[in-house]
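Thanks for making time this morning.

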Amino acid sequence: MNEPIVRSAFSLQGKTVLVTGASSGIGRQIAKSMADAGATVIASGRDQTRLSELLAELGGQPEHRIVAADLSMDEAIKNLVEQVGKIDGVVHSAGISALAPVRLASRAHVQSQLDINYTGPLLLTQQLLLRNAIATGGAIVFVSSISAHIGVQGVAAYGASKAALESMARVVALEVAKKKIRVNCLAPGLVETPMLAAARATTGGLDVTLAKYPLGVGQPEDVANAAIFLVSPASRWITGTTLVLDGGHTIG
């Protein structure tokens, strides 16, 4: 008897959601899954061609839109917000990762990851809030990483940028609570994406690391499903927290 009520709590029907980093990997799947859950999707990323391909795949609602934007540029962020209009949620999935041991890390290496993984999401959130673009009762979701919680060799800058993201999210959660806007993070472990494929090619294999995942490596759909939950009414009493998605890796 309660099944329709439960199902509707996880529905995104009638909601408009902005997804950044939607031109590839996890962000792309989040955009597709959000659309499948009933949301009108505004997909943003740096690659116009891949965004156009995504838009063709979304199908269905003609309201789906794409906006190319480089979140390391202030003007691009402002332009994106101007085109977005009113939204019910935003999923910050844009991110980059570059390997380097601390002894070889340059300022450019560190700054580039901070710009995309932390500063960009912070300033985009700021602009959305300044323009009251996020509806009362809406949701903000940041895609973080388990690298913010555990030591992983070679990713000091990346892990630090994600840890900063989670710390910032807790502050924003308090600042927007009066508008019933929820702010949470997702911290995935290894997921089958082009970024993981690049890591395999760079390191020559990750067999030892992959063996430490009791439930195996994740799929983009696993992260997308969690993002749907955090944007949907089903999570209306959850804010300021981080959901770790790692197949049991960090409990070993």
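This is a predicted model: local features need pLDDT of at least 70, side-chain atom pairs count only at pLDDT 80 or more; totals for chains, interfaces and linings use all residues.

Now the helices. I will start with helix 2, which covers residues 25–36, and its packing against helix 9, residues 220–231. Their axes come within 8 Å and cross at roughly 55°. Because of that angle, helix 2 counts as oblique to helix 9. As for handedness, helix 2 passes helix 9 in a right-handed crossing. From helix 2, the contact takes in I26, Q29, I30, S33 and M34. Helix 9 contributes P220, E221, V223, A224, A227, I228 and V231. What is the make-up of this contact by class? Between helix 2 and helix 9 there are 9 nonpolar residues, 2 polar ones and 1 charged.

Helix 2 also packs against helix 3, residues 48–58. Here the angle is about 25°, and the axes lie 10 Å apart. Angles under 35 degrees count as roughly parallel, so helix 2 is roughly parallel to helix 3. The crossing of these two, helix 2 and helix 3, is right-handed. On the helix 2 side, R28, A31, K32 and A35 make the contact. They meet R50, E53, L54, E57 and L58 in helix 3. By class, the contact of helix 2 with helix 3 has 4 nonpolar residues, no polar ones and 5 charged.

The last pair is helix 4, residues 74–84, with helix 5, residues 107–130. These two pack at an angle of about 40°, and their axes are 10 Å apart. That angle is why helix 4 is called oblique to helix 5. Helix 4 passes helix 5 in a right-handed crossing. Where do they touch? Helix 4 uses D74, I77, K78, L80 and V81. Those residues meet G120, L123, L124, Q127 and L128 of helix 5. The contact of helix 4 with helix 5 divides into 6 nonpolar, 2 polar and 2 charged residues.

That is everything on my list.

Technical notes: Residues are numbered from 1 along each chain as its sequence is written. Side-chain values use heavy atoms; hydrogens and water are left out. Axes are lines fitted to C-alpha atoms, for helices over the stretch in contact, and angles run from 0 to 180 degrees between N-to-C directions. Helices (H or I, at least four residues) and strands (E, at least two) are DSSP runs, numbered from the N terminus. Angles under 35 degrees count as roughly parallel, over 145 as roughly antiparallel, 65 to 115 as roughly perpendicular and the rest as oblique. A crossing is left-handed if the near helix is turned anticlockwise from the far one by less than a right angle, and right-handed if clockwise. Contact means heavy atoms within 4.5 Å. Ala, Val, Leu, Ile, Met, Phe, Trp, Tyr, Cys and Pro count as nonpolar, Asp, Glu, Lys and Arg as charged, and the others, Gly among them, as polar.
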